[in-house]
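Dear colleague,

I am handing over the structure we spoke about, which you will find directly below. After it come my notes on what was found, written for someone who has not seen it before.

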Amino acid sequence: RRLAGVAVGVVLFASLWAAVWLTTEALVEGRHSYTGQSVLLHDLAAVSVERGEPLFPDYILRDAGFSMEKVSKAYLPYVATPILPDSGLRFSADAGEMAALRAKWLEVVAANPGAYLRHRWRVFAQASGLGGLSVCFPYQIAGYQPRGFRTHDWLVHRLLKSYFWETRDSFLFRGFFWVLLSAALVFFAARGRMRGDLEFVFVLASSGLLYGAAYFLVAPSCDFRFFWWTMLSAVVGSAFLVSHAARTRAAVGPPAGPAPEAA
């Protein structure tokens, strides 16, 4: 029965992935921005800085604006974008250049796994709140407001903003806490043999755990926003786990007292 459920899940996932891909291709009409290249360039820059030599595809090395010295000065372990301006590490929308970038990334990472993993750990540590006393970027702060869009500044808004600002460096905004909580939920759900709501808890917490842990490989910066789904799934999963435990306890009833003595 469970294998059948897994098979159905795999088919649904594949169907949704195909639907998203086909819809995206239809909408962009072949025009791709390849936003994921920022992570690949960041990884190559990190290994290049550690090795002291430019390890980039030829289309970058041939660029008149490229400078390894500028890349070294601009490189930061917790955010990718500062290395792009004025260093030759430009975004490209050319499919051939993207193929060259991916091939070079695979070559460099395979040849320098230690440097790559050290870099990814530094990025993930900052993003998940392991990097110090302060959370790197707990909120998306923007001054732009669309025309005709008006926000309220009621007392309740000011109180909530003050509360969230004061708690910005607490465990609430540290992704590693929610990743660990998701792992604990997966463990307890599996230990309880996924009876009743525990099956839902297992699936939901696994989703949050895999989603958060994946940023070890793909986080482009230290924003907490990457862990919002991990946090949300962990909170909902915890509520269902507590509810399941309470119902189980109520069904079992209080422990029986000592048997009355015979007259």
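R225 counts as partly exposed at 43% relative accessibility, whereas D223 is buried, with a relative accessible area of 7%; buried here is under 20% relative accessible area, exposed is over 50%, and partly exposed is in between, with a 1.4 Å probe and protein chains only.

Before going further, please keep in mind that this is a predicted model, in which local features need pLDDT of at least 70 and side-chain atom pairs count only at pLDDT 80 or more, while totals for chains, interfaces and linings use all residues. Residues are numbered from 1 along each chain as its sequence is written, and side-chain values use heavy atoms, with hydrogens and water left out.

Salt bridges

The count comes to 10 salt bridges. One of these joins the side chains of D43 and R120, at 2.9 Å from N to O. D43 lies in helix α2 and R120 in helix α6, so this pair ties together parts that are 77 residues apart in sequence (helices are DSSP runs of H or I with at least four residues, strands are runs of E with at least two, and both are numbered from the N terminus). Both D43 and R120 are buried. Another salt bridge links D197 with R247, with the closest N and O atoms 2.6 Å apart. Because D197 lies in the loop between α8 (175-191) and α9 (198-213) and R247 in helix α11, this pair ties together parts that are 50 residues apart in sequence. D197 is partly exposed at 21% relative accessibility, and R247 is partly exposed too, at 43%.

The disulfide

A search of the whole structure finds 1 disulfide, meaning a pair of cysteine sulfur atoms within 2.5 Å. It is formed by C136 and C222, whose sulfur atoms are 1.8 Å apart. C136 lies in the loop between α6 and α7 and C222 in the loop between α10 (215-218) and α11 (228-252), so the bond ties together parts that are 86 residues apart in sequence. At 30% relative accessibility C136 counts as partly exposed, while C222, at 5%, counts as buried.

Nonpolar cores

A nonpolar core is a set of buried Ala, Val, Leu, Ile, Met, Phe, Trp, Tyr and Cys residues joined through side-chain atoms within 4.5 Å. The largest one has 25 residues, and F56 and L89 are those with the most contacts inside it. The elements that give two or more residues to this core are α2 (37-51), α3 (58-61), α4 (68-74), α5 (95-111) and α6, and α2 gives the most, with 6 residues. A second, separate core of 21 residues includes A127, W178, Y215 and F226.

One further residue

G114 is found in helix α6 (residues 113-127) and is partly exposed, with a relative accessible area of 33%. G114 and M194 are 80 residues apart in sequence and 38 Å apart in space, C-alpha to C-alpha.

With best wishes

Note on methods
A salt bridge is a side-chain nitrogen of Lys or Arg within 4 Å of a carboxyl oxygen of Asp or Glu.
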